[in-house]
Amino acid sequence: MSGDTRTKLLAGALRTVTEQGYAKTSARTVAAAAGVNQALVFYHFGSVDELLAAACRFGAEQRVALYRERLARVESLAELVTLARELHSEERAGGHVAVLAQLLSGAQTQPRLAPATSAGLALWIDEVEQVLARVLAGSPIAEFVDAPGLARAIAAGFVGLELYEGVDEEGAQRALDALEQLSGLVGVLEELGPVAQRAVRARLRRSGGRRP
């Protein structure tokens, strides 16, 4: 019963942040969404911020688990971009990325939210990093790409894209189109013959593009 109540509160917190935003999330609104007494928020989590921190990780674990199998099937940057488009559309429709965006915003003034929010985002980063390591293996640009850094850029970029699309939907689509174009360029490089690939690598090294 206690576990059920805790899960209800976590789900209620995510629903409240999604539907009402971080600023309007309180013990009362979360308890109403969960269908429990608001005193249980403090009994199980101590404070609303602690509940939100736990909810962030809880939500991220659920969302990452939902996509893990599809991410594991990605074999190229082009496939990763295609999946990213699908993921962006599905997560935006469900309001799930908005939760991360709201909590990242809240962490700017409530430092207690920062570690858990970062941990929730890290679950996505870890999955993307694994995909990048796999699809870049053998690529002529592999030695020039900081996969862990790129994974963080992608994860942060998609949270930002969620917010950006709210004010400029066409611009957000152009951003996704640009990622698709870049993946196409990488695909062209990967199709070059060994001599041409060596020439590309040499040129990139001379330009100082090799990662530290």
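**The interface between the domains**

Modeller: Across the interface of domain 1 and domain 2, two residue pairs are in polar contact, both at pLDDT 80 or more; such a contact is a pair of N or O atoms within 3.5 Å, one able to donate a hydrogen and the other to accept it, and residues adjacent in sequence count only if both atoms are side-chain atoms. Zero salt bridges are found across this interface (a side-chain nitrogen of Lys or Arg within 4 Å of a carboxyl oxygen of Asp or Glu). This is a predicted model, in which local features need pLDDT of at least 70 and side-chain atom pairs count only at pLDDT 80 or more, while totals for chains, interfaces and linings use all residues. Residues are numbered from 1 along each chain as its sequence is written, and side-chain values use heavy atoms, leaving out hydrogens and water.

The area buried between domain 1 and domain 2 is about 1400 Å², with 82% of it from carbon and sulfur atoms; buried area is the accessible area (1.4 Å probe) that two parts lose on being put together, summed over both. On the side of domain 1, Leu10, Leu14 and Tyr22 lose the most area to domain 2, together 44% of what that side buries. Helices H1 (2-20), H2 (27-34) and H3 (39-45) each supply at least two residues of the side of domain 1 that touches domain 2, where helices are DSSP runs (H or I) of at least four residues, numbered from the N terminus. H1 gives the most to that side, with eight residues.
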